[in-house]
Amino acid sequence: MNPLFLGGVAVSVVGILAMRRRSAPRISTGVRLGKYFTLPEMLASGTARAKGLSNQPPDDEEGYVVANLRALVQNALDPIREAYGPVQITSAFRSPAVNDAIGGALLCRNHGFTDNKAPNSATALRIAARTNTPCGSQHLLGEAADFKFVGKTFTSQEIAAMVVRLRDQGKVKFDQLVWYDPDQSSHVHISYRRRGTNRNEVLKKTASGYLKL
């Protein structure tokens with residue numbers, strides 16, 4: 001087989017294919033995070049598809065993010081699916097590139113940044129992973145998902161009430177549960193912290209901000 005010359009170095013086609021294989025995403029598409037949800041469901045992103053961005057966790061934080069997603073599924077999403085039927089994840093993990101593209105939160109209190117905001121979401125992710133302190137959007141950390149029910153027309157407020165009932169029965173745990181007023185997409189936001197204290201907060205998002213209920 002004739003070699004190719006890249007930068008003055010002879011490289012075989014076999015070698016090029018091997019390099020491509022090594023650079024491919026390390027996450028297996030078959031990874032199941034709980035009873036009902038797989039890793040690809042939690043990594044799917046319309047923004048990533050539209051903008052041609054990767055929505056894979058950074059290699060050095062992959063294990064941290066996947067562990068967070070698994071905890072979110074097992075403590076919140078699986079019990080909701082078990083109780084009420086099929087769930088569609090509209091947004092879960094957001095890579096630093098995707099988070100930046102949609103203007104995701106970078107608030108990092110007490111980390112020494114101007115206005116308590118990290119300069120970009122890659123920095124926010126690494127701070128959270130290495131210090132076990134909140135930094136940036138919980139989507140960025142694999143701690144949050146937006147979801148709605150398949151084939152049902154519940155409002156965001158109704159879905160939130162259903163989740164709260166499960167929490168009160170001891171079946172669901174969450175850090176924050178957010179519903180939207182006015183309701184634009186019939187979904188809610190739910191988060192769960194694998195490390196640290198879960199705040200058990202229910203919030204209503206309005207045009208003027210968040211109201212704690």
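**Pocket, helices and a salt bridge**

Student: Which element gives the largest share of the lining of the largest pocket?

Tutor: This is a predicted model, so local features need pLDDT of at least 70 and side-chain atom pairs 80 or more, while totals for chains, interfaces and linings use all residues. Residues are numbered from 1 along each chain as written, and side-chain values use heavy atoms, without hydrogens or water. A pocket is an open set of points on a 1 Å grid over the protein atoms alone where a 1.4 Å probe fits, with protein on both sides within 12 Å along at least five of seven lines; lining residues have an atom within 4 Å of a point. Three lining residues, the largest share, come from strand E5.

Student: How many residues line that pocket?

Tutor: Ala-105, Gly-136, Ser-137, Gln-138 and Gln-176 lie nearest its centre. Helix H4 (62–84), E5 (176–180) and strand E7 (201–206) each give two or more residues (DSSP runs: helices H or I, at least four residues; strands E, at least two).

Student: Are H4 and H7 roughly parallel or perpendicular?

Tutor: The axes of H4 and H7 (156–168), fitted to C-alpha atoms over the stretch in contact, come within 11 Å and cross at roughly 105 degrees. Angles of 65 to 115 count as roughly perpendicular. The two helices are therefore roughly perpendicular.

Student: Which residue does Asp-146 meet in a salt bridge?

Tutor: A salt bridge puts a side-chain nitrogen of Lys or Arg within 4 Å of a carboxyl oxygen of Asp or Glu. The partners sit 52 residues apart, and at 3.6 Å, N to O, Asp-146 meets Arg-94.

Key
Axes fitted to C-alpha atoms, helices over the stretch in contact; angles between N-to-C directions. Parallel < 35°, antiparallel > 145°, perpendicular 65-115°, else oblique.
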